[in-house]
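Q: Hi! I'm new to this one, so could you walk me through its aromatic residues?

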Amino acid sequence: MQHGELFDKAKKVIPGGVNSPVRAFNGVGGTPVFVESGKGAKIYTADGRTLTDYCCSWGAMILGHAHPVITDAVTSASGKGTTFGIATPAEVRFAERLVALVPEMEMVRAVNSGTEAVMTALRIARGVTKRNIILKFDGCYHGHSDAVLVKSGSGILTMGSSSSAGVTDGATKDTIVVPYNNLSAVEEAFSQYKDSIAAVIVEPIAGNMGLVKPLPGFLKGLREITRKNGALLICDEVINGFRFSFSSYSSTVEGVDPDLITLGKIIGGGLPLAAVGGKAKWMKELAPDGPIYQAGTLSGNPLAVAAGLAVLDELESNSPYSKLEEYGLKISSGVNNIAQEFSLPIHCVNEKGVFTIFCTKEEITDLVTAKKSDTSLYAKLFHGLLNKGIYIAPSQFECNFVSASHTMEDVEYFTASFKDVCEEIKKEAEGGR
Ligand SMILES: *Cc1c(COP(=O)(O)O)cnc(C)c1O
């Protein structure tokens, strides 16, 4: 079925025609793609096209689509009952696995989404410190719960104002927003709100304003400042976790040992599964042992946990990380060389196969610099690549992901197509002079 027709039908019954806003293509224009199925690095659209997928469900599908290890695990689990609302042996195995693999995760609780994991982490931080304020970074995304749906004001240090209708001032008045990579703003916040800050929450590598890396010393600095001031450090690794190595990202950065960590996306193997964990002394404060309430009908359900265990097993026995690194470098150096060749204001930021093609030459260190990107040029790149059968993120301010199923052929096709698209863009610009 044609995507335009599907989108028209969808808009009648689903707000905006989509179940999550970025899918509507508002960032790039045009009609959104509808996927019928996927296999490996390919997705098959409802209008009969085959696309190579670099969204990979926002990184969740690190193995690629319909990987046999996952489908076998899910198929076998589904015949045994998909949820009981009673404890199961598999969820114990899953928790043991995470605790063994992620050093800062001494205890863990399974939830259904990254949003829920972060919401719980913030509640734990406020509950154990008996303080109210959360400090977050502009451009880091932590799900759609009220306290983190905030945008910065005009100053370097601002109490967040709500970035969504329906979020009350009461829900955001205790959230401070400062620029990513700016330690002095964090220090200023602590000097102003000294004994009121419960936690600093950060994406160790930011993945929700495009890929933005931490400057040397930034994460370590956050650890030192929070420790000195009796606040918790929460690493939101919903994208980062198990993406760059077979563990958390923070555990690989010297001197960063967060109090709490959230995982999601990859650890669910493509099912709704996320986790909040950290130091046992904090995690023990959760109900039923402690006074901090948290619960979930489907939390740790056997279907999701089977997929989670399967993805971890596969990542361990068949490590993709050196391949992801190699392919990521190949794409980013290809993109950067081609941008140079056509003198287009484009550069690619890459970390082990997670990459963003920023439409600016300027170095990106935070949301303000990320926003210097030319989003209309990005839209041209997006549609140019889509015409050639390549699906990248339909927004400048997102990451693309290489999966274990991508091949060198895919990667070479990517750079060759990128070159063609740049050539078209250049010709069009010259033609229009
Ligand atoms: C995706 C994401 C979330 C939210 O996870 P959902 O499963 O979409 O609720 C939270 N934090 C980060 C860093 C994310 O990338």
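What follows is a short chat about ring pairs and one further residue.

Q: What kind of model is this?
A: This is a predicted model.

Q: Okay, how many aromatic pairs does the structure hold?
A: The structure holds 11 aromatic pairs. One of them is formed by Phe-25 and Phe-382, an edge-to-face pair with 5.1 Å centre to centre and 90° between the planes.

Q: And where do Phe-25 and Phe-382 lie?
A: Phe-25 is in the loop between helix H1 (3–13) and strand S1 (35–39), while Phe-382 is in helix H12 (residues 375–387), so their pair ties together parts that are 357 residues apart in sequence.

Q: Are those two buried or exposed?
A: Phe-25 and Phe-382 are both buried.

Q: Which residues do ring pairs link into a cluster?
A: That cluster is made of Phe-25, Phe-382 and Tyr-391.

Q: How about Phe-244 and Tyr-249, what kind of aromatic pair do they form?
A: Theirs is edge-to-face, at 5.7 Å centre to centre with 70° between the planes.

Q: Why does Phe-244 count as buried?
A: Because its relative accessibility is 5%, and buried means under 20%. Tyr-249 is buried as well, with a relative accessible area of 14%.

Q: Switching topic: where is Phe-34 found?
A: Phe-34 sits in the loop between H1 and S1.

Q: What does Phe-34 touch?
A: Leaving out residues up to four places away in sequence, Phe-34 touches His-3, Leu-6, Phe-7, Ala-10, Thr-45 and Ala-46.

Q: And how far apart in space are Phe-34 and Leu-215?
A: They are 38 Å apart, C-alpha to C-alpha, and 181 residues apart in sequence.

Technical notes
Residues numbered from 1 in each chain as written. Predicted model: local features only at pLDDT ≥ 70, side-chain atom pairs only at ≥ 80, totals over all residues. Heavy atoms only, no water. Phe/Tyr/Trp six-rings, centres within 6.5 Å; stacked < 30°, edge-to-face > 60°. Helix = DSSP H or I, 4+ residues; strand = E, 2+ residues; numbered from the N terminus. Buried < 20%, exposed > 50% of the residue type's maximum accessible area, 1.4 Å probe, protein only. Contact = heavy atoms within 4.5 Å.
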